[in-house]
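Here are my notes on the model you passed along.

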Amino acid sequence: MDFPPRRVLLLASAVWFFVGFVPALALPSTLPQAEPEAVGMDADKLREIDAHIAQALAEKKMPGCVVAIGHRGKLVLLAAYGNRQVLPEPAPMTTDTVFDLASLTKSVATASSVMLLVERGQVGLDEPVAKYLPEFAQNGKQAVTVRQLLTHQGGLVADNHLRDYRDGPEKAWQRIFALRPVVTPGTKLIYTDVGFLVLGRLVERVSGKSLHQFTQENIFGPLGMRDTGYLPKPPLQARAAPTQQRKGHWMRGEVHDPRAYLLGGIAGHAGLFSTAGDLAVFAQMLLNQGQYGGARVFRPETVALLATPHRIGTQFRSLGWNCASAQSSNRGESFSPRAFGHGGFTGTALWIDPGHDLFVVFLANRVHPDGQGAINPLAGRIGTIAADAIRPAGPLPQADSTHPVLTGIDVLRRDRFKPLAGRRIGLITNQTGIARDGASTAQLLHDAPGVNLIALFSPEHGLQGKL
């Protein structure tokens, strides 16, 4: 039996009715909710999300999902759709479902921990990793820096063979540290789990605590993210979305990634579990320049540093996050150039867009029950809808009708483009190049009599600001 999509907590009245039944101890981690219109978003536009998810459910792209969208510090949508599981028997998805985040672990847990150590002066971004993990220096890796691992430029293989982990964690780490670079470090982006395994180990070595303990004490605990962590205990396992079977049982609250599993469930590249509500708090903390609900996790300059894009060939990644790369199919097309995010193999995605003061959380267990399913295009489409739902701030104040304020292109149009008559023109522009009535500057110059527009030049993110 399939469960239909259900929208939960969209209207403020429904939100507070629901919250009234939540124990008081759970409230500090809940992002304030608001109707979309109250924060300048189009509710009708957001409702388009339902149809796209319904289609994905019908096509069996996933058994179900949870979506959370926040704008201007308020949660405007928290919705559960479809099923949490289909086998061994169907069970409905709920907004408090716990998900295996897979590679979102890299950003939310590992990169955040590394940046805290950087902020505290315990780790240097451009210091060799071997300064903190001397055994990593083997076989040509002695100069690989922390920054290179955070941006996937360490020259490491994407994944080492699973057999390297089958003799226990101690032997696995010996083999990881002995790996040779597959390309010269610093020359190419190779998206790698191995690099973040090493970064997780670095956090443990420098802090003297497990990655689980460090993140609980310094990130998730202060933010009230009680449903977030490694190795979830039975109460969280009970509401976890299962993935696949391992050794004859369903993985529910048990990490899906086989390498993280063989390392005991705590690793730098995978193993973190969370809910949409908790990730909404984490995203808002980053939009708030490192603080939320009275807790400061990062200094503002640390947030700016971790979000700054690094150009790697034609791709862009920030410190532990994706910006625009080969892994960007879950990125909203209408996000601003400042957006950063990440996805996870199990069917998860989180994007944070400071340019729009927006975040989008998409959590699914697309690998349930048989390892199939595909959600990245859907997650990207939901991000696009969310960004497109943001209404313009409103019309600019009108100037005196006898002395209207004119932009440069308005002046040229008023003067019938006489200053450009007979000239060959190149135009530097993007999507913001418009006249008072919204007409494109490029189109106006192209159509202008006597003007020869021969070239268009765009800033680094393209004519439409989407690259």
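1. A definition before the strands: two strands pair if DSSP finds at least two bridges between them. Keep in mind too that this is a predicted model. With that cut-off in hand, look at E2 and strand E3 (residues 91-92): two bridges join them, and the strands run antiparallel. One of the contacts to look for is asparagine 83, whose bridge partner in E3 is proline 92. The link from E2 to E3 is a hairpin of five residues.

2. On its other pairing, E2 meets strand E1 (residues 64-71) through eight bridges, again in the antiparallel sense.

3. How much of E1 is buried? Eight of its eight residues are, so the strand is largely enclosed by the rest of the structure. As a reminder, in a regular strand the side chains alternate between the two faces of the sheet. In E1 both faces are covered: Gly64, Val66, Ala68 and Gly70 are buried on one side, and Cys65, Val67, Ile69 and His71 are buried on the other. Strand E2 (residues 74-85) comes out much like this, with eleven of its twelve residues buried, so E2 too is largely enclosed by the rest of the structure.

4. There is also an open sheet of three strands, in the order E4-E8-E5 with antiparallel pairing. Strand E4 (99-100) and strand E5 (229-230) stand at the edges with a single partner strand each, so one side of each has no neighbour in the sheet. E5 pairs with strand E8 (residues 272-274) in the antiparallel sense over two bridges, and tyrosine 230 stands opposite leucine 272 in E8.

5. Now the aromatics. Counting ring pairs whose centres lie within 6.5 Å, the model has four aromatic pairs. For phenylalanine 282 and tryptophan 321 the ring centres are 6.5 Å apart and the planes are at 20°; planes under 30 degrees apart count as stacked, so this pair is stacked. Phenylalanine 282 sits in helix H11 (residues 276-287), while tryptophan 321 is in the loop between strand E12 (315-317) and strand E13 (322-324), so the pair ties together parts that are 39 residues apart in sequence. Both residues, phenylalanine 282 and tryptophan 321, are buried. Ring pairs also bring in Phe340, making a cluster of Phe282, Trp321 and Phe340.

6. While you're at that loop, have a look at glycine 320, which also lies between E12 and E13. Is glycine 320 buried or exposed? It is buried, with a relative accessible area of 1%. Glycine 320 and serine 107 are 213 residues apart in sequence, yet their C-alpha atoms are 5.1 Å apart in space.

7. Two arginines lie over ring faces. Arginine 246 is over the face of tyrosine 261, at 3.8 Å from the ring centre. Arginine 366 is over the face of phenylalanine 345, at 4.5 Å from the ring centre.

8. Last, the second largest pocket, which holds about 510 Å³ of space. It is lined by 28 residues, and the closest to its centre are Ser103, Tyr191, Gly343, Gly344 and Phe345. Phe345 is the phenylalanine whose ring face lies under arginine 366. Which elements supply at least two residues each of the lining? Helix H10 (258-262) and strand E14 (340-344) do, with E14 giving the most, at three residues. By class, the lining has seven nonpolar, 13 polar and eight charged residues.

Notes
Residues are numbered from 1 along each chain as its sequence is written. This is a predicted model: local features need pLDDT of at least 70, side-chain atom pairs count only at pLDDT 80 or more; totals for chains, interfaces and linings use all residues. Side-chain values use heavy atoms; hydrogens and water are left out. Rings of Phe, Tyr and Trp (its six-membered ring) pair if their centres lie within 6.5 Å; planes under 30 degrees apart count as stacked, over 60 as edge-to-face and the rest as tilted. Helices (H or I, at least four residues) and strands (E, at least two) are DSSP runs, numbered from the N terminus. Buried means under 20% relative accessible area, exposed over 50%, partly exposed in between (1.4 Å probe, protein chains only). A charge sits over a ring if NZ of Lys or CZ of Arg is within 6 Å of the ring centre and within 35 degrees of the ring normal. On a 1 Å grid over the protein atoms alone, a cavity is a set of points where a 1.4 Å probe fits but cannot get out, and a pocket is an open set with protein on both sides within 12 Å along at least five of seven lines; lining residues have an atom within 4 Å of a point. Grid points are joined across faces, edges and corners, and a volume is the space filled by probe spheres set on the points. Ala, Val, Leu, Ile, Met, Phe, Trp, Tyr, Cys and Pro count as nonpolar, Asp, Glu, Lys and Arg as charged, and the others, Gly among them, as polar.
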